[in-house]
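Hello,

Here is the structure we talked about. Please have a look, then read my notes below.

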Amino acid sequence: MACCHYFAPSDGGDTAFSVDASAITFGPGVLSEAGDHAAALGMRRVALMTDKSLAALPHVAIVRDSLIAAGLDVVLYDEVQVEPTDESFLAAARFAVEGDFDGYVSVGGGSVIDTCKAANLYATYPADFLTYVNAPIGGGQPVPGPLKPHIACPTTCGTGSECTGIAIFDLLAMRAKTGIVSRRLRPAQGLVDPTCTETLPKNVVAASAFDVLSHALESYTALPHSKRAAAKRPSLRPHSQGANPWSDLGCREALRLLGRNMVPAVVETDGQAARHQLMWAATLAGIAFGNAGCHAPHGMSYSVSGLVRDFQPAGYPAGAPIVPHGMSVIVNAPSVFRYTAPACADRHLEAASMLGADLRGAGEADAGEVLANQIIAMMKATGVPNGIGGVGYGEADIEALTDGAFPQRRLFDNAPRNISKDDLAGLYRSALSYW
Ligand SMILES: NC(=O)c1ccc[n+]([C@@H]2O[C@H](COP(=O)([O-])OP(=O)(O)OC[C@H]3O[C@@H](n4cnc5c(N)ncnc54)[C@H](O)[C@@H]3O)[C@@H](O)[C@H]2O)c1
Ligand SMILES: [Fe+2]
């Protein structure tokens, strides 16, 4: 059950894995530590980034007061777009260039933290926008050197962006999500205060917790690092290096926490303690996928969110249609895990059990079904849309969804089973509805 054989050596495969540790401070009240950490990192003039809704909540004021009390010069930027785009990244970068900052502090969900990473990057090493964007969509150029220090304060129990070197955005011209990936984007410090989750709308708790659940499941079932072709030079080993013993630790605990706390955190009016536990799960899964990488549910999500027509969920800013990231991921997950189970059935069964599934009578041949059914039960219990049909897609959209997602090789190549273009279309078809 412990799956040691999963990391068995293979011809030409990597024989080692790297651990990129994140500097994290976790606990109620840590937002008020921001000023001291910022001063210790040498910041004097700070860009404080957030979005418009969060700017009106106490979390941003606590961080701002702490920075000012530490004697820092603070300029607020509250124009971050929820589910950012290349245009909104560039707007934040312009603010960063004009402000001539020596440090960055982000207070918000993944949209805010990712925007802050991008603003820091383009203000520190100006370049054409596509230069650092993942190939083949962008140039995939390495970030030339260290960035200015960035303290990330997550306010959703979701992305784990405070632990990762990833910044995700919607490339408007292609109507597809993609990202910038570099160890240099990883924030210098994460300040994770679980009490931030108390002000989250229910739908945002559900979407962000399903993002965590998929980070943990995808990292746990990713291609093992020992089956990925070894990098030409050790320093080029990707941080999406595949499943490894370090990422397994965070995935297992995150899945156990999600199994016990996810439904109460969303549905119970008194679910604050459960929300706090989800924040810890989000951090653990962030550490895990920041070292292992996600695979197909995330790869497929990029066109599910990029091609949105008119879906407007409660709890998110009104006006513009969006499929929130966690929803765009989880609607694909049951379909994907039914497909990937034969590659590592024991891991799929173990994951289902950690999420709370009853494994009595189940064998390896049932692994995909058992895990898919457990995810579906959690989707139903938390009111999440029923597959990609639930966010507005039908059979006629399968071709466009497939064409939009297939270039995400970084993610599909990290899946434990090969995924051809026809396979991908089949995965979308099986994700149209689940109940
Ligand atoms: N960089 C990474 O490693 C990574 C990983 C996963 C996802 N992402 C990206 O992160 C983005 C999604 O981030 P998210 O799910 O954290 O949500 P989000 O940042 O998009 O925020 C969702 C909504 O919740 C509100 N909100 C946030 N915190 C709140 C709080 N404490 N109280 C009340 N309202 C609050 C926001 O104002 C917004 O309206 C997507 O763009 C996704 O692609 C990045
Ligand atoms: Fe995610």
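Is Leu-349 buried or exposed, and why? Leu-349 is buried, because 22 other C-beta atoms lie within 10 Å. (Buried means 20 or more other C-beta atoms within 10 Å of a residue's own, exposed means 12 or fewer, and partly exposed is in between; C-beta atoms are placed from the backbone.)

Some housekeeping. This is a predicted model: local features need pLDDT of at least 70 and side-chain atom pairs count only at pLDDT 80 or more, while totals for chains, interfaces and linings use all residues. Residues are numbered from 1 along each chain as its sequence is written, and chains are lettered from A and ligands numbered from 1 in the order in which they are written.

More on Leu-349. Its helix is α12, residues 345-354. (Helices are DSSP runs of H or I with at least four residues, strands are E runs of at least two, and both are numbered from the N terminus.) Leaving out residues up to four places away in sequence, Leu-349 touches Leu-359, Ala-362, Glu-364, Ala-367 and Val-370. (Contact means C-beta atoms, placed from the backbone, within 7 Å.) Gly-326 is 23 residues from Leu-349 in sequence and 23 Å from it in space, C-alpha to C-alpha.

Next, the ligand. The shell around ligand 1 has 33 residues, and Gly-109, Gly-110, Ser-111, Thr-156 and Thr-159 come nearest. (A residue counts as near if its C-beta atom, placed from the backbone, lies within 6 Å.) Two or more residues each come from α2 (52-55), α5 (110-124), β6 (166-171), α6 (202-221) and α10 (325-330). α5 gives the largest share, 4 residues. By class, the shell holds 13 nonpolar, 16 polar and 4 charged residues. (Ala, Val, Leu, Ile, Met, Phe, Trp, Tyr, Cys and Pro are nonpolar; Asp, Glu, Lys and Arg are charged; the others, Gly among them, are polar.)

α5 itself is mostly covered, with 14 of its 15 residues buried.

Last, the domains. The assignment gives domain 1 (4-18 + 203-430) and domain 2 (29-192); such bounds come from an automatic or database domain assignment. Their C-alpha centres lie 25 Å apart. Each domain supplies at least three residues to the shell around ligand 1. Where the domains meet, 31 residues of domain 1 contact 24 of domain 2. On the domain 1 side, α8 (272-292) gives the most, 10 residues. That side divides into 16 nonpolar, 12 polar and 3 charged residues.

Best wishes

Key: Contact = placed C-beta atoms within 7 Å.
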